[in-house]
Amino acid sequence: MTTMLDIAEIARATGLSSRALRFYEARGLIRPLRSEGGRRIFGTGELERLHAIVALKRAGFTLAAIGRMLDRPDARLGPMVAAQLTAVEAQAAALADTASLLRSIQSRIDAGERIDVATLCSLIRKGHSMTTTQWKQVIDRQFTKEEQAHWAERGNALAPDFDQEAYQAQWADLGQRIAAALPLDPDSEAARGFVREWSALLAPFRAIATPEMWAGATRLHQNRAQWEGQADPGFPAEVWQFIQAAIAAMQARGEQPEG
């Protein structure tokens, strides 16, 4: 007879809170049964699925990516793991920069310098702009100073409430979904759907980009072998290559990606 556990027993077995379990249920990650009294009950299959969710979250995968992996056991994991590894390495580099900045500030405090909260915030902002950027070395190699100045000037035209972190998260989600779907015929309806999503995400860039910026962005990705693993654009190289092939297929049909 199959062992059935209630939500409290599942919470103890997994270390998850009841609130987290209900959240995962609302997201469709788990599908508990209901007792005659309406209580959630879980079988061994759901327990194993929860252990998998906990493990994949520990590696930093998003809930959307976890759901796709669990619902498609035959999905190619290589591209998804590669994309996640790039993201984790970028996060590690950013944390290392932050640690270096904090050590520098701590040494100044230890030396007797009086640093108040306003000064601390100023130093953090300055340090962030100077040292974040896992992209800096890549950009310096791929673009001239004049090109970088042009990008910076055009970037000022973005809306004041533009959320860069949320925007990067959208690219990461789309990149993971495309990677999970590969291999895929570039001339398929699914491929055209991905191209339209890709094009829609480019809207903020399209609004400010000059022809020179479009050419520079294309060149950056064409030269990706030179900087792979040093910065995270949100998607692996094979996703970029697939999108270019899918765009070419659409254009051959007389369709525009924006359509």
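Modeller: In this predicted model, helix H8 (residues 145-155) packs against helix H12 (residues 211-222) at an angle of about 115°. Their axes are 11 Å apart. Those are the two values to look for, because two packed helices are described by the angle between their axes and the distance between the axes. The crossing of H8 past H12 is left-handed.

Now the side chains. H8 brings Glu147, His150, Trp151 and Arg154 to the contact. H12 answers with Met213, Ala217 and Arg219. Sorted by class, this contact holds three nonpolar, one polar and three charged residues.

Stay with H12 and check its length. It has 12 residues, so at 1.5 Å a residue it should span 16 Å. Its end C-alpha atoms are 16 Å apart, which agrees.

Next, which residues of H12 are buried? They are Met213, Gly216, Ala217, Leu220 and His221. They cover an arc of only 130° around the axis, so they sit on the same side of H12. Pro211, Glu212 and Gln222 are on the other side of H12, and they are exposed. To see the difference, recall the cut-offs: buried means under 20% relative accessible area, exposed means over 50%.

What covers the buried residues of H12? H8 is one of the covering elements. The cover also includes helix H7 (136-142), helix H11 (203-208) and helix H13 (237-252). Met213 and Ala217 are buried, and both also belong to the contact with H8.

Terms used. Residues are numbered from 1 along each chain as its sequence is written. This is a predicted model: local features need pLDDT of at least 70, side-chain atom pairs count only at pLDDT 80 or more; totals for chains, interfaces and linings use all residues. Side-chain values use heavy atoms; hydrogens and water are left out. Axes are lines fitted to C-alpha atoms, for helices over the stretch in contact, and angles run from 0 to 180 degrees between N-to-C directions. Helices (H or I, at least four residues) and strands (E, at least two) are DSSP runs, numbered from the N terminus. A crossing is left-handed if the near helix is turned anticlockwise from the far one by less than a right angle, and right-handed if clockwise. Contact means heavy atoms within 4.5 Å. Ala, Val, Leu, Ile, Met, Phe, Trp, Tyr, Cys and Pro count as nonpolar, Asp, Glu, Lys and Arg as charged, and the others, Gly among them, as polar. The expected span of a helix is 1.5 Å times one less than its number of residues. Buried means under 20% relative accessible area, exposed over 50%, partly exposed in between (1.4 Å probe, protein chains only). The arc is that of the directions from the helix axis to the C-beta atoms.
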